[in-house]
Amino acid sequence: MQVTSVDVREIALTRKASFVSSRATTHERRIILVTVRDANGLEGWGECSAPEEPRYNEEWTTSAWYFINDVLMPSLLAREHQDTRALHELLACFRGNRMAKAAVEEAFYDLEARKHGVALWEFLGGTDDPIPCGVSIGIAQSIDAVLSAIVRELEAGYRRIKLKIQPGWDVEVVEAVRLRFPHIALMVDANGAYAADDLNTLTVLDQYDLLMIEQPFAPDDWLANQQAQECLRTPICLDESILSAVDMAAAIELRLCRALNLKLGRVGGHDESRRIIRLCSLQDVACWCGGLHEAGIGRAHNLAMAASMARDVPAELSASGRYWEEDIIVPEMTVTRDGYIRPPNAPGIGFEINYDLIGKCTLRRSTHDFV
Ligand code: MG
């Protein structure tokens, strides 16, 4: 499959709720989209999950723009062929920048699947069993606000509630939620906010029948994770710490965790995700699909990835309308009343592209022709 051109765009998509960053409160999410085309005019689309600021990992929208346009595309142009194999060889030459790499790899895979006339989930080896969905609830103004948000999400059908926690916003809120909802599938995510000497707090959380405690310590604090998993009954789930199958193999060997929140962008795309999913399934690690507030194209790729996973833990996949005024895919992604999404059967990512909306919200665009 020879790619003849690549388009890189930056769009500003309107969020439903405002978002507070270090510089401003904004209603927009700036996202990099990648479109690859072949000689027959077939297209494949990818979306970069990097946010506007490097708070989740070291990548951000602007770093992805420069990596793809100024490093990756000139190097791809210099290759004899511009196909998926050449892309993978090239991606291995550069360190880091996994979210940017994933956006390009996603577009290549979408095009490959469309060319074969099959759904991407099928192309990747998954099944079309419905995928159970859960949601994440951020740090709120009050415990009452959290309880109301949970009522809303349960009414919308979501099957697992994840509470974001941090020192000072943990035991009290978890206790209140458990008192009100004794039987829901509940977990917490600390995004690395705790230090090794906070183990006491985690030990208290251990009593609330949580599905898992996600990323309690900094991404590189593997020792604290190991000590915590040794004394906690609740499985630790890693997120930010795991960037590759090699990381995952080490985490399993060192007994750091019993679950993994797998994010397609964080590990660099579908190829690496498949290696990690296989490893987790062989080693009995609960691997589930996470998300980073992606728009529709990114979310469709997450859905294709989730189709290769066991369905034990609900994925972090939700309806388009939960985040966006209007989404960049047609039809928009919806969740059934009982909280499932079924992988679509149309070729590639299985959704049409909302060209009108993307045209309207494009901030800049760069085209790389290979012929
Ligand atoms: Mg997380």
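Predicted model: local features only at pLDDT ≥ 70, side-chain atom pairs only at ≥ 80, totals over all residues.

User: What does the secondary structure of the chain come to?

Analyst: The chain holds 12 helices and 15 strands. Its radius of gyration is 20 Å, close to the 21 Å that the globule rule gives for 371 residues, so the chain is as compact as a globular protein of that length. Along the principal axes, the C-alpha trace spans about 60 × 40 × 40 Å.

User: And how many of the residues count as buried?

Analyst: Of the 371 residues, 57% count as buried, while the accessible surface of the chain comes to about 15700 Å², with 50% of it belonging to carbon and sulfur atoms.

User: Changing topic, which protein donors does the magnesium ion have?

Analyst: The donors are Asp189 (OD), Glu214 (OE) and Asp239 (OD), which lie 2.1 to 2.4 Å from the magnesium ion. Their spacing in sequence is D-x24-E-x24-D. Asp189 belongs to strand E7 (residues 186-189) and Glu214 to strand E8 (residues 213-214), so that this pair, 25 residues apart, links distant parts of the chain.

User: Are Asp189 and Glu214 buried or exposed?

Analyst: Asp189 counts as buried because its relative accessibility is 0%, against a cut-off of under 20%, and Glu214 is likewise buried, with a relative accessible area of 0%.

User: Last one, how many positive and negative side chains are there?

Analyst: The chain has 38 positive and 54 negative side chains, and the centres of the two sets lie 2 Å apart.

Notes
Residues numbered from 1 in each chain as written. Heavy atoms only, no water. Helix = DSSP H or I, 4+ residues; strand = E, 2+ residues; numbered from the N terminus. Rg over C-alpha atoms; globule rule 2.2 N^0.38 Å. Buried < 20%, exposed > 50% of the residue type's maximum accessible area, 1.4 Å probe, protein only. Areas by Shrake-Rupley, 256 points an atom, 1.4 Å probe, with all protein chains shown as cover. Lys, Arg positive; Asp, Glu negative; His and termini not counted. Charge placed at Lys NZ, Arg CZ, Asp CG, Glu CD. Donors = N, O, S within 2.8 Å, 3.2 Å for Na, K, Ca; no water.
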